[in-house]
Amino acid sequence: VAETRIAGDRSAGRAGNEGFMRLVSFISGNNDARGKIAMTAPVTLQSDGGDWVVRFVMPSEYTMQTLPKPNNPDVRLKEIAGKRFAAIRFSGLARPKSLEKHTRELEAFIQSHDLETRSGPIYAFFNPPWTLPFLLRNEVMIEIDR
């Protein structure tokens with residue numbers, strides 16, 4: 001993944017927007033190869049100690065050795081091992097109340113199935129910004145024990 005960390009409140013939009021734009025800049029050529037990298041889905045957003053981590057999943061044809069290096073020191077490349085998640089999918093705008101509602105539903109499912117969690121919620125967004133709201137695909141994911 002390519003990731004960046006943003007301090008601030010997600011509900012104000014700054015975390016997602018600023019992080020997204022940093023990563024778009026990286027895949028648009030702001031890297032040591034000046035090469036473009038295809039946009040993939042999902043874009044994820046996760047709270048981490050008061051900051052927000054925004055991630056783009058890199059296309060599968062790249063390895064850590066073949067990915068161009070970001071020019072912006074606030075963009076980092078990171079390899080993440082496979083994990084197991086419980087997830088809930090929903091459509092519409094991913095406003096704070098909607099994310100909270102779906103997070104509570106997912107947490108209730110996890111608890112009712114006696115699953116052990118390993119992370120807080122991760123929000124995943126799959127569509128470009130011009131997608132009609134009723135067609136938007138979003139997910140809340142929580143890592144669980146294997």
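What follows is a short exchange on this predicted model.

Modeller: Residues are numbered from 1 along each chain as its sequence is written. In this predicted model, local features need pLDDT of at least 70 and side-chain atom pairs pLDDT 80 or more, while totals for chains, interfaces and linings use all residues, and side-chain values use heavy atoms, leaving out hydrogens and water.

Biologist: Are the planes of Phe20 and Phe56 stacked or edge-to-face?

Modeller: Rings of Phe, Tyr and Trp (its six-membered ring) pair if their centres lie within 6.5 Å, with planes under 30 degrees apart counted as stacked, over 60 as edge-to-face and the rest as tilted; by this rule there are two aromatic pairs. The centres of Phe20 and Phe56 are 5.4 Å apart and their planes stand at 65 degrees, so this pair is edge-to-face.

Biologist: How many residues apart in sequence are the parts that this pair ties together?

Modeller: Phe20 lies in helix H1 (residues 14-27) and Phe56 in strand E3 (residues 51-56). The pair therefore ties together parts whose separation in sequence is 36 residues.

Biologist: Is Phe56 buried or exposed?

Modeller: Buried means under 20% relative accessible area, exposed over 50%, and partly exposed in between (1.4 Å probe, protein chains only). Phe20, at 27%, is partly exposed, whereas Phe56, at 2% relative accessibility, is buried.

Note on methods:
Helix = DSSP H or I, 4+ residues; strand = E, 2+ residues; numbered from the N terminus.
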